[in-house]
Amino acid sequence: KKCLSLIKKTRYLNAYITVSEEVALKQAEESEKRYKEGRSLGDLDGIPVAVKDNFSTSGIETSCASNMLKGYIPPYNATVVQKLLDQGALLMGKTNLDEFAMGSGSTDGVFGPVRNPWSYSRQYRERRQRDAQEDSHWLIAGGSSGGSAAAVAAFTCFAALGSDTGGSTRNPAAHCGLVGFKPSYGLVSRHGLIPLVNSMDVPGIFSRCVDDTATVLGVLAGHDPKDSTTVQDPIKPSMIPSVMDVSRLCIGIPKEYLVPELSNEIRSLWSQAADLFESGGAKVIEVSLPHTCYSIVCYHVLCTSEVASNMARFDGLQYGHRSGIDVSTEAMYAATRQEGFNDVVRGRILSGNFFLLKENYENYFIKAQKVRRLIVRDFLNVFDSGVDVLLTPTTLREAMPYLEFIKEDNRTRSAQDDIFTQAVNMAGLPAVSVPVALSNQGLPIGLQLIGRAFCDQQLLAVAKWLE
Ligand code: GLN
């Protein structure tokens, strides 16, 4: 009830698209009954959680923040949603995002932008007053899972699901002062997650501490017959050691990640964290990921190509929106898609179809697949040389004021912003953003740790040490 009342009090954050109050209260009642009757409890019994609005939820609208799916009520739960509910979690609602998870600010959805709760923190406000800045200058939450991040940061729930295709969980986690975890590709089921880029999408986890993340991951991880890319995996990621000895670890610092756009403050925190590992006895070495400079371009060719193919299903016939223009089937398709998708989505469909044209396929799509392989090899080489975990920044800078964020060309900028996160998705590796400090402005800053594939448990143990 307290969480529900906080949701109401923080409506201005625009974190939720749908609040499932009745569902949550009923689940809470059942949970209380289980407890009172001394029945066995689930790992998340009675814990309020929120879910990004691109995961299917049975009987609850799932919109992807798009006109195309507004009003769409799925007949089934995504596997990860079902797993949360099976362990007794209370579903507080569906959270806001960039349309179809395309973006890195949570400013591009049809329900309007998400506000970062830190915009209203005492420290940030005082700082702005001192600098005689306007009061209405609120900050973006990061994206595309900004609604989930804001929901956890505003204490309206204890954990939330995001999705992460190129950084969409880690980026908003860094901007909102949370732990944001992207599991290894194949560890957690994508069944019921409306796809952006099938070969890179993973469900992500937001929480306020690494232990909570490990608990939720323990609930979500595992093979799903409905997602053939999930692996039969024996690891129990919920069991991370309470005391971590980092002295036997080798931490790699990728030299290509020291880019000129990186803020001085983040740069210095990054090097302080490296020193911290060193003083804990870890070996800290500089490593090279030589194909980093191609990663953003490569991501965009592959992303838009998969988007073009994925979005073909939204034709006005099966789900969601259908245009009233019906002089011919073709005209109906075109009008439906014009009315249903924003310009970011339409832009990506156009680019993707261009890359997939018969005359361009070899030169763009196939070439990008080959570059992806080189990017994957960069990581493998580093891990094969004995590095256990990579330490990098998560974002180039702290959360930007909304008015500044929307000034520049959105697509070009959001491409740059994912420089530290996208390659990880192309390689399918686990990565986590850990909040490490507040900036001079009083805003949270996160650093990223990247692990070997399926060493999610070890990665979280290291994250807990850094936390
Ligand atoms: N910002 C990236 C994009 O727009 C990543 C999005 C994501 O991870 N969902 O594609």
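Trainee: Why does Ala65 count as buried?

Mentor: This is a predicted model, and the label comes from a count. A residue is buried if 20 or more other C-beta atoms lie within 10 Å of its own. Ala65 has 31 such neighbours, so Ala65 counts as buried. Ala65 sits in the loop between β2 and α3 (79-86).

Trainee: What makes the phi of Ala65 worth a remark?

Mentor: Most residues other than glycine have a negative phi. Ala65 has a positive phi, near 50°, and is not a glycine. Phe155 is another residue other than glycine with a positive phi, near 65°.

Trainee: Why is Phe155 called partly exposed?

Mentor: Buried takes 20 or more C-beta atoms within 10 Å, and exposed takes 12 or fewer. Phe155 has 15, so Phe155 counts as partly exposed. Phe155 lies in the loop between α5 and β4.

Trainee: How do you know that the "active site" positions gather at one spot?

Mentor: Start with the record. UniProt, in an unreviewed entry, places the feature "active site" at Lys52, Ser144 and Ser168. They span 117 residues in sequence, but no two of their C-alpha atoms are more than 11.0 Å apart, so they gather at one spot. The annotation itself may be inferred rather than shown by experiment.

Trainee: Why does Lys52 count as buried?

Mentor: The cut-off is 20. Lys52 has 32 C-beta neighbours inside 10 Å, so Lys52 counts as buried. Lys52 belongs to strand β2 (residues 48-52). Beyond four places in sequence, the contacts of Lys52 include Thr95, Leu97, Ser145 and Ser163.

Trainee: And what makes Ser144 buried?

Mentor: Ser144 has 36 C-beta neighbours inside 10 Å, so Ser144 counts as buried. Ser144 is in the loop between α4 (122-130) and α5 (146-153). Leaving out residues up to four places away in sequence, Ser144 touches Ala101, Ser104 and Ser168, among others.

Trainee: Which residues come nearest to the ligand?

Mentor: Ala101, Ser104, Thr165, Gly166 and Ser168, out of 15 residues around the ligand. The shell divides into 9 polar, 4 nonpolar and 2 charged residues.

Trainee: What pairs with β10, and in which sense?

Mentor: β5 and β10 run antiparallel, joined by 3 bridges. Phe181 has Val432 in β10 as its bridge partner. β10 and β11 are also antiparallel, over 7 bridges. There, Val434 is partnered by Leu447 in β11. The hairpin of β10 and β11 has 5 residues between the strands, and Gly442 takes a positive phi near 85°.

Trainee: What makes β10 mostly covered?

Mentor: 6 of its 8 residues are buried.

Trainee: Last one. Why is Leu262 called partly exposed?

Mentor: Leu262 has 18 other C-beta atoms within 10 Å. That falls between the limits of 12 and 20, so Leu262 is partly exposed. Leu262 lies in the loop between β7 and α8. Past its neighbours within four places in sequence, Leu262 is in contact with Arg267, Pro393 and Leu396. Leu262 and Asp417 are 155 residues apart in sequence, and 9.9 Å apart in space from C-alpha to C-alpha.

Methods: Residues numbered from 1 in each chain as written. Predicted model: local features only at pLDDT ≥ 70, side-chain atom pairs only at ≥ 80, totals over all residues. Near = placed C-beta within 6 Å. Nonpolar A, V, L, I, M, F, W, Y, C, P; charged D, E, K, R; others polar. Helix = DSSP H or I, 4+ residues; strand = E, 2+ residues; numbered from the N terminus. Contact = placed C-beta atoms within 7 Å. Pairing = 2+ DSSP bridges.
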